[in-house]
Amino acid sequence: MTTANYLTHPRGIRSWLLTLDHKRIGIMYLVSTLAAFSLGGLFAMIVRTQLLSPNGAIFTVAKDYDHYNQMFTLHGAIMIFLVLIPGVPGALGNFVLPLMLGARDVAFPRLNLFSYYLYVSGALIVILSIILGAVDTGWTFYTPYSSDPDIGSRDAVSLMVFGIFILGFSSILTGMNFIVTIHKLRPSPPNGMTWFRMPLFLWSLYATAVIQILATPILGITLLLLIMERTLHVGIFSPRFGGDPILFQHFFWFYSHPAVYIMILPAMGIMSEVIPTFSRKPIFGYHFVAISSLAIAIIGFLVWGHHMFPNGQSTLLSTIFSFLTMCVAIPSAIKVWNWLATMYKGSISLKTPMCYALAFLFLFTLGGLSGIYLGSLSLNVHVHDTYFVVAHFHFVMFGGTLMGFLSGLHYWWPKMTGKLYNENPARLACALIFLGFNTTFLPQFLLGSHGMPRRSATYLPEFAPYHILSSLGAGIQLLGFILAAAVLIHSLFRGRQSPPNPWGAATLEWSCPSPPPHDNFSTPPLVGDPYDHANLVWISDQEGYRRSQEPEARSQKSQT
């Protein structure tokens with residue numbers, strides 16, 4: 001006999017499209033972001049195929065180079081605005097946050113559904129802009145490339161920018177919903193969840209929501225001004241109309257550098273759940289990890305100027321931004337060292353989520369260290385706009401955000417679907433992605449240090465070995481992603497039924513059945529230490545882990 005759960009109560013496409021259940025909304029976000037990821041990955045493969053040859057393997061004549069510009073623009077815009085920013089908060093955050101709080105739903109369920117449809121609307125407008133004539137301005141939409149009406153397709157650029165403007169509202173509403181939910185729906189005494197009894201994933205979502213609410217309006221206003229300038233010829237950013245393109249860069253990076261932490265902070269929160277669970281130890285330095293999330297959110301607003309070191313700003317201002325860039329590395333380093341200390345002398349289990357977490361640690365650390373190099377004023381001016389920056393950015397965003405997302409997806413997959421996947425091919429997929437990523441982007445550090453400019457459709461023959469190696473790595477990554485998708489899809493049809501707590505985690509979402517009921521919990525769950533794994537014992541394949549003080553667990557343990 002099957003138990004009613006959120007996937008079956010109620011049934012029908014209409015029940016999904018009009019649902020107010022945070023879990024179903026999270027699943028819809030997940031499907032949408034994975035579809036966008038597939039599209040963005042397609043454009044990435046076109047870029048890497050083009051760069052197999054010094055003279056171009058696809059676009060071989062100068063008049064076709066605009067198409068190459070469109071490919072890397074679409075890859076960047078889709079990956080940033082449709083995948084990395086909404087991915088973890090929209091999909092995993094929506095699904096898990098109320099469960100971690102022991103709540104029935106988020107504070108504003110209708111607003112939650114509305115924010116998803118804003119995301120879908122913005123994504124459709126972006127896709128429409130591709131159909132009308134793909135944008136070739138770069139994902140940063142730098143002026144005057146994006147503001148001059150004689151450059152590119154007027155309708156395509158305006159639509160792309162307007163679509164991202166709509167996506168910004170979705171981000172703001174999601175952040176507001178999460179903040180109110182954490183403030184108002186935490187269990188009250190006697191089963192209270194104080195601030196320092198919250199799982200660290202909730203701390204990361206809270207810090208992310210603060211950035212979403214404070215920073216995203218800056219992007220929205222900037223994009224509206226850009227549309228006005230492009231359509232009405234109002235002089236704001238374009239020198240042609242008396243504007244200042246540096247002003248656009250200040251506005252854009254005042255949002256976009258905090259947006260880096262919108263992407264990376266939720267992934268860090270996932271690490272703080274996965275690493276203690278598979279190390280069988282409490283998180284080391286809980287308070288430091290929690291407060292460092294807020295520190296990253298605050299300092300992240302103060303470092304945007306390091307993107308503009310070569311742009312003529314004063315030496316004093318550049319020195320200040322360089323110093324602040326070094327400072328923002330401190331809370332990130334605190335997290336990394338606390339994760340390493342958590343694993344120290346732990347009973348580490350190399351399940352798939354942990355494999356992705358270890359990949360995150362390696363790749364994000366390299367990305368962060370290369371960011372310190374770029375934060376140094378003396379070095380930045382030499383490698384600015386080279387492949388060194390491309391490699392750094394992907395080590396942080398892909399190696400950090402996407403590896404964290406994959407770790408969280410595999411971690412909560414049994415809870416979301418009620419199915420267990422096959423561990424061996426899942427770990428193989430992780431190894432292929434890790435190998436392919438390093439093969440792709442490690443050579444690009446050398447390319448950049450040797451002077452190879454980014455966003456170039458052709459290059460000197462001396463750079464060919466590095467580009468060929470990078471393209472080979474992209475192919476290996478593609479195989480890894482295909483295998484990972486096949487493993488998860490196979491589990492939906494042939495996977496074993498998951499127990500409520502297959503990993504031995506101590507947070508509240510694992511105390512309800514897998515998949516969860518429509519209302520999450522029949523009775524309010526007992527709040528305990530979210531990292532107390534010592535009292536969890538394995539019962540059976542059907543029961544999974546349960547707390548040793550529970551009567552059923554004591555009975556089973558005494559019989560064995």
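Which residue in strand 2 is the bridge partner of valine 537? Point 1 takes this up.

1. **The strand pair.** This is a predicted model. In it, valine 537 has arginine 546 of strand 2 as its bridge partner. Strand 1 covers residues 536-540 and strand 2 covers residues 544-547. The two run antiparallel and are joined by 4 bridges. They form a hairpin, with 3 residues between the strands.

2. **The largest nonpolar core.** This core holds 160 residues. Phe81, Phe141, Ile164, Trp339, Phe360 and Trp412 touch the most other members. Helix 3 (residues 65-101) supplies the largest share, 22 residues.

3. **Tryptophan 339.** Leave out residues up to four places away in sequence, and tryptophan 339 touches Met268, Met271, Ser272, Ile275, Ile283, Phe360 and Leu361. Of these, Phe360 is also listed with tryptophan 339 among the core residues that touch the most other members.

4. **Helix 2 against helix 14.** Helix 2 spans residues 22-50 and helix 14 spans residues 464-494. They pack at an angle of about 155 degrees, with axes 10 Å apart. Angles over 145 degrees count as roughly antiparallel, so helix 2 is roughly antiparallel to helix 14. The crossing is left-handed. On the helix 2 side, the residues are Phe37, Met45 and Arg48. They meet His467, Ser470, Ser471, Ala474, Gly475, Leu478 and Phe481 in helix 14.

5. **Glycine 56.** This residue sits in the loop between helix 2 and helix 3. Is glycine 56 buried or exposed? Its relative accessible area is 8%. Buried means under 20%, so glycine 56 is buried. Setting aside neighbours within four places in sequence, glycine 56 is in contact with Gln50, Ala457 and Thr458.

6. **Histidine 518.** Look for histidine 518 in the loop between helix 14 and strand 1. Its relative accessibility is 30%. That value falls between the limits of 20% and 50%, so histidine 518 counts as partly exposed. Histidine 518 and aspartate 21 are 497 residues apart in sequence, yet their C-alpha atoms are 7.5 Å apart in space. Histidine 518 touches Asp21, along with Asn5, Tyr6, His9 and Lys23, not counting residues up to four places away in sequence.

Key
Residues numbered from 1 in each chain as written. Predicted model: local features only at pLDDT ≥ 70, side-chain atom pairs only at ≥ 80, totals over all residues. Heavy atoms only, no water. Core = buried A, V, L, I, M, F, W, Y, C linked by side-chain atoms within 4.5 Å. Buried < 20%, exposed > 50% of the residue type's maximum accessible area, 1.4 Å probe, protein only. Contact = heavy atoms within 4.5 Å. Pairing = 2+ DSSP bridges. Axes fitted to C-alpha atoms, helices over the stretch in contact; angles between N-to-C directions. Parallel < 35°, antiparallel > 145°, perpendicular 65-115°, else oblique. Left-handed = near helix turned anticlockwise from the far one by under 90°.
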